[in-house]
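I wanted to see who pairs with whom.

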Amino acid sequence: MDHRAPAPPFDPELSLVLAGLSERAREPITPHNLADRQRRDAAARPRPTAEDLRADGRFEVAELRVPGPADGPDVTLVSARPAGLAESGRPLPLLYYLHGGAMIMGNAWSVLPRILREWALPLELAVLSAEYRLAPTTPYPGPLEDCYAGLVWAIEHAHDLGIDPDRVVIGGKSAGGGLAAALALLSRDRGGPRALGQLLLCPMLDDRDETFSSHQMSGLGVWDRTSNATAWAALLGDRHGAADLPPYAAPSRATDLSGLPPAYVDVGSAEMFRDEAVAYANGIWQAGGQAELHVWPGAFHGFDGMAPHAALTRDARDTRTRWLRRLLAPPGTESRPAPPSATAPAPDRPTQPN
């Protein structure tokens with residue numbers, strides 16, 4: 001492998017965002033500064049309350065405590081949907097969403113304002129955002145088992161929640177994308193709930209850091225091999241890099257990608273996760289499955305959160321929404337066009353990349 005290969009150029013708009021980052025923001029995460037970075041992230045990352053998320057009555061929001069995995073604590077699910085839809089009496093499709101943060105940071109609340117505005121409102125869907133436990137305090141399989149327990153509970157209580165158990169999409173970004181992929185594998189193999197689709201945004205899939213892009217993008221962008229190795233080691237401990245690591249810990253380890261829900265996979269051309277994401281989509285195709293792959297030219301990891309008004313961000317968000325709209329359209333019906341404002345650039349401030 002030629003580690004000296006030139007990196008793909010960043011998109012011009014995104015390059016300006018990167019240039020404006022402070023040296024502290026670019027500092028890699030290491031085992032020595034991990035605890036400090038977690039504290040900084042917890043203090044800086046938005047954590048809107050249920051009242052904040054209701055947005056003056058536009059959304060119905062509740063925090064649910066549901067049974068967790070065996071020998072584990074209860075799991076918090078943040079339930080949200082556009083207000084007034086329950087009056088129709090029809091069950092809603094569900095997006096079961098897993099937040100990013102490299103398995104070591106993030107929360108279930110911070111991702112919801114954008115998800116509600118961009119997907120729940122125009123697509124008339126319900127959202128459950130899962131607050132899974134974080135590494136290294138809770139290593140694998142704890143976070144994944146939290147996500148699985150929440151999903152099983154949601155399907156078992158679909159009637160009470162007013163959701164359609166046959167139209168459930170599991171999704172997430174970065175670490176959440178990796179967890180969504182792992183959740184699809186685990187549910188398939190346990191005979192658990194079968195999702196209608198899986199939405200994998202710049203997913204964190206491979207603990208080995210051996211791909212060409214992981215070396216090619218080392219030291220560039222906002223997430224590189226050093227930070228990635230730190231996060232995986234926090235999650236896996238002594239099992240990090242082990243030859244017999246199960247695919248539920250790192251989905252790129254899967255040798256059987258058959259029987260999975262249709263996948264939407266997107267990633268940037270200028271980020272280290274590029275090759276593992278492309279390989280995962282290719283593995284689904286080779287197993288006879290369905291995947292839609294988008295590699296955004298010149299995009300770094302989590303670009304859409306840090307550059308919400310960039311042209312590339314608008315294209316990426318529009319494309320994700322169209323995929324969800326097609327997937328969720330009931331059989332025999334035509335998907336409705338999005339309202340003009342449904343995919344407008346988000347007015348919120350740039351956020352963390354994960």
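Predicted model: local features only at pLDDT ≥ 70, side-chain atom pairs only at ≥ 80, totals over all residues.

I looked up Arg-320 first: at 4% relative accessibility it counts as buried (buried is under 20% relative accessible area, exposed over 50%, partly exposed in between, with a 1.4 Å probe and protein chains only). Residues are numbered from 1 along each chain as its sequence is written, and side-chain values use heavy atoms, with hydrogens and water left out.

Next I checked the partner of Arg-320. Its side chain meets that of Asp-266 in a salt bridge at 2.8 Å, N to O (a side-chain nitrogen of Lys or Arg within 4 Å of a carboxyl oxygen of Asp or Glu). Asp-266 sits in strand β7 (residues 263–268) and Arg-320 in helix α13 (residues 311–328), so the pair ties together parts 54 residues apart in sequence. Helices (H or I, at least four residues) and strands (E, at least two) are DSSP runs, numbered from the N terminus. Asp-266 is buried too, at 2%.

I then followed the shared partners: Arg-114, Lys-173, Asp-266, Asp-304 and Arg-320 are joined into one network.

Within it I looked up Lys-173 and Asp-304, which form a salt bridge at 3.0 Å, N to O. Lys-173 is in strand β5 and Asp-304 in helix α12, so this pair links parts 131 residues apart in sequence. Lys-173 is buried at 7%, and Asp-304 is buried at 1%.

Asp-189 is partly exposed at 41%, as is Arg-188 at 25%.
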